[in-house]
Amino acid sequence: MKATIIAIGKCKKKSPEAEIIAEYVKRSKWELIIKEKDNSNQEDEAKFLQDAIPVGAKVVVLDERGENLKSVELAERIGKWLTNGCSEICFLIGGADGHLSETRNKADLVLSFGKLTLPHMLMRAVLSEQIYRIQTILAGHPYHRE
């Protein structure tokens, strides 16, 4: 399985968030890739995000208007995709102004991590951990506790 986080804004290499992300990339059994682009206008950001999606990949758009799932529910959804032959998932994190509707319309899942506004770099760290958590849930590993 390949998971790609496609995000607006560049993470500083020695930042605390970069260290957290690197830890979960290292732990991951999946190939976990980060693609990023500097902030610009919303249309250019949308073009970058949409152009970075490989053909056939499932698309998860992180957006406050999305479904607010428990980790187990998200793992079950992704597990079904895997069972049905999915080999790549892309997670899209927009810029400060969020996603255009055309980006949300390309999603297989619009996902919310709650009503809070999080800094984009911190969201990447949280998402990296959740991708690892999904793997452990699907593998029956005791990392996740309900």
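The model is predicted. Its largest pocket has a volume of about 470 Å³, and its second largest pocket has a volume of about 170 Å³. A search of the whole structure also finds one cavity of 30 Å³ or more. Helix H5 (120-139) contributes to the lining of the largest pocket, and H5 also packs against H1 and against H3.

**Empty space in general**

- Empty space left between atoms is shown by rolling over them a probe the size of a water molecule.

**The largest pocket**

- The volume of this pocket is about 470 Å³.
- It is lined by 21 residues, and those closest to its centre are Leu62, Asp63, Glu64, Leu118 and His120.
- At least two lining residues come from strand E3 (58-67), and at least two come from helix H5 (120-139).
- E3 provides the largest share of the lining, with four residues.
- By class, the lining holds eight nonpolar, eight polar and five charged residues.

**The second largest pocket**

- This pocket has a volume of about 170 Å³.
- Its lining consists of Cys11, Lys12, Lys13, Ala18, Ile21, Ala22, Val25, Ile34, Glu36 and Arg124.
- Helix H1 (16-27) and strand E2 (31-37) each give at least two residues to this lining.
- The largest share, four residues, belongs to H1.
- Six of the lining residues are nonpolar and four are charged, while none is polar.

**The cavity**

- The largest cavity contains about 40 Å³ of space.
- Gln42, Glu45, Ala46, Leu49, Gly94, Gly95, Gly98, His99, Leu100 and Thr103 form its lining.
- Helix H2 (residues 42-51) gives the most to this lining, namely four residues.
- The lining of the largest cavity divides into three nonpolar, six polar and one charged residues.

**Helix H1 against helix H5**

- A pair of packed helices is described by the distance between the two axes and by the angle between them.
- The axes of H1 and H5 come within 9 Å and cross at roughly 15 degrees.
- Angles under 35 degrees count as roughly parallel, so H1 is roughly parallel to H5.
- The crossing of these two helices is left-handed.
- On the H1 side, the contact is made by Glu17, Ile20, Ile21, Tyr24 and Arg27.
- On the H5 side, the contact is made by Met121, Leu122, Arg124, Ala125, Ser128, Glu129 and Tyr132.
- The contact of H1 with H5 comprises seven nonpolar residues, one polar residue and four charged residues.
- Ile21 and Arg124 belong to this contact, and both also line the second largest pocket.

**Helix H3 against helix H5**

- The axes of helix H3 (residues 71-83) and H5 come within 9 Å and cross at roughly 70 degrees.
- Angles of 65 to 115 degrees count as roughly perpendicular, so H3 is roughly perpendicular to H5.
- H3 takes part in the contact through Ser71, Val72, Leu74, Ala75, Ile78, Gly79 and Leu82.
- H5 meets them with Gln130, Arg133, Ile134, Ile137 and Leu138.
- The contact of H3 with H5 is made up of eight nonpolar, three polar and one charged residues.

Notes. Residues are numbered from 1 along each chain as its sequence is written. This is a predicted model: local features need pLDDT of at least 70, side-chain atom pairs count only at pLDDT 80 or more; totals for chains, interfaces and linings use all residues. Side-chain values use heavy atoms; hydrogens and water are left out. On a 1 Å grid over the protein atoms alone, a cavity is a set of points where a 1.4 Å probe fits but cannot get out, and a pocket is an open set with protein on both sides within 12 Å along at least five of seven lines; lining residues have an atom within 4 Å of a point. Grid points are joined across faces, edges and corners, and a volume is the space filled by probe spheres set on the points. Ala, Val, Leu, Ile, Met, Phe, Trp, Tyr, Cys and Pro count as nonpolar, Asp, Glu, Lys and Arg as charged, and the others, Gly among them, as polar. Axes are lines fitted to C-alpha atoms, for helices over the stretch in contact, and angles run from 0 to 180 degrees between N-to-C directions. Angles under 35 degrees count as roughly parallel, over 145 as roughly antiparallel, 65 to 115 as roughly perpendicular and the rest as oblique. A crossing is left-handed if the near helix is turned anticlockwise from the far one by less than a right angle, and right-handed if clockwise. Contact means heavy atoms within 4.5 Å.
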